[in-house]
Amino acid sequence: MLPITLTLIFAVAYIIFGAIGFGSALVAMPLLSPLIGIETATPLFAMIALVSEIIMLLRYREHLNVRGVWRLVLATSIATPFGIAAAGILDQHIALLLLGIVVAGYGIYSLISPHIPQLKNPNWAFGFGFMGGLLSGAYNTGGPPVVIYGSISRWPPGEFKSSL
């Protein structure tokens, strides 16, 4: 029964990913973590996500704006090991609570859809990338800070998908 459940979770997560270019972790991680444990769900999802993200990058490679994302990539790369370390230290119940807060917080942000002025200074990417790296390392859910950064930077759709 577990293989069927895992397959369904990944199928739903990647239908969403295919439709909007992100969000697979926001769907899969809260469902996988209580089912197989966060210490198993995190690397399992990371391996599967790597393949899907490479496919998405290849599909939208002509829209990739390297000058627009290098700050995000650098900050994410620095912060990811700290997220991994935090996930290893935190009790699983606390880790799941924090994951729930991230998912619910992003859901509320998306529902409210507040009008935030456009960011003009690209150095904001360091902060958003660092938060994304922490969340990626801990839960594979680094998308919300990067999505928020992309939306308030007013990225066009193709650049948005390739950058994520």
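1. Let me start with helix H7. The cover over its buried residues includes helix H2 (24-36), H4, helix H5 (92-112), helix H6 (124-139) and helix H8 (157-163). Buried here stands for under 20% relative accessible area, exposed for over 50%, and partly exposed for what falls in between, with a 1.4 Å probe and protein chains only. Helices are DSSP runs of H or I with at least four residues, strands are runs of E with at least two, and both are numbered from the N terminus.

2. A word on the source before going on. This is a predicted model, in which local features need pLDDT of at least 70 and side-chain atom pairs count only at pLDDT 80 or more, while totals for chains, interfaces and linings use all residues. Residues are numbered from 1 along each chain as its sequence is written, and side-chain values use heavy atoms, leaving out hydrogens and water.

3. Now the overall fold. The protein has eight helices and zero strands, and its elements run α-α-α-α-α-α-α-α from the N terminus on. The radius of gyration is 15 Å, close to the 15 Å that the globule rule gives for 164 residues, so the protein is as compact as a globular protein of that length. That radius is taken over C-alpha atoms, and the rule is 2.2 Å times the number of residues to the power 0.38. Along the principal axes, the C-alpha trace spans about 45 × 30 × 30 Å.

4. Next, packing and surface. Of the 164 residues, 41% are buried. Taking the contacts between residues at least 6 apart in sequence, 74% join residues at least 24 apart; a contact means heavy atoms within 4.5 Å. The protein exposes about 9,100 Å², with carbon and sulfur atoms supplying 74% of that area. Accessible areas come from the Shrake-Rupley method with a 1.4 Å probe, and for residues only the protein chains shown count as cover.

5. On charge, there are 7 positive and 5 negative side chains, and the centres of the two sets lie 17 Å apart. Lys and Arg count as positive, Asp and Glu as negative, with His and the chain ends not counted. Each charge is placed at NZ of Lys, CZ of Arg, CG of Asp or CD of Glu.

6. Back to H7, which is mostly covered, with eight of its ten residues buried. Those buried residues are Pro144, Pro145, Val146, Val147, Ile148, Tyr149, Gly150 and Ile152. Valine 146 counts as buried at 11% relative accessibility. Its C-alpha is 9.6 Å from that of glycine 133, a residue 13 places away in sequence.

7. Serine 151 also belongs to H7 (residues 143-152). With a relative accessible area of 32%, serine 151 is partly exposed. Beyond neighbours within four places in sequence, serine 151 is in contact with Tyr109 and Phe160.

8. Arginine 71, in helix H4 (residues 66-89), deserves a look. Is this arginine buried or exposed? Its relative accessible area is 16%, so arginine 71 is buried. Its side chain joins that of asparagine 123 through a polar contact of 3.2 Å. A polar contact is a pair of N or O atoms within 3.5 Å; within protein, one must be able to donate a hydrogen and the other to accept it, and residues adjacent in sequence count only if both atoms are side-chain atoms. Leaving aside neighbours within four places in sequence, arginine 71 is in contact with Pro122, Asn123, Ala125 and Phe126.

9. Threonine 42 sits in helix H3 (residues 38-59) and, at 14% relative accessibility, counts as buried. The threonine 42 side chain reaches the backbone oxygen of isoleucine 38 at 2.9 Å.

10. Finally, two backbone points to check. Most residues other than glycine have a negative phi. Serine 113, however, has a positive phi near 50°. Serine 113 is found in the loop between H5 and H6, and is exposed, with a relative accessible area of 53%. Arginine 154 has a positive phi of about 60° although it is not a glycine. This arginine 154 is in the loop between H7 and H8 and is partly exposed at 38% relative accessible area.
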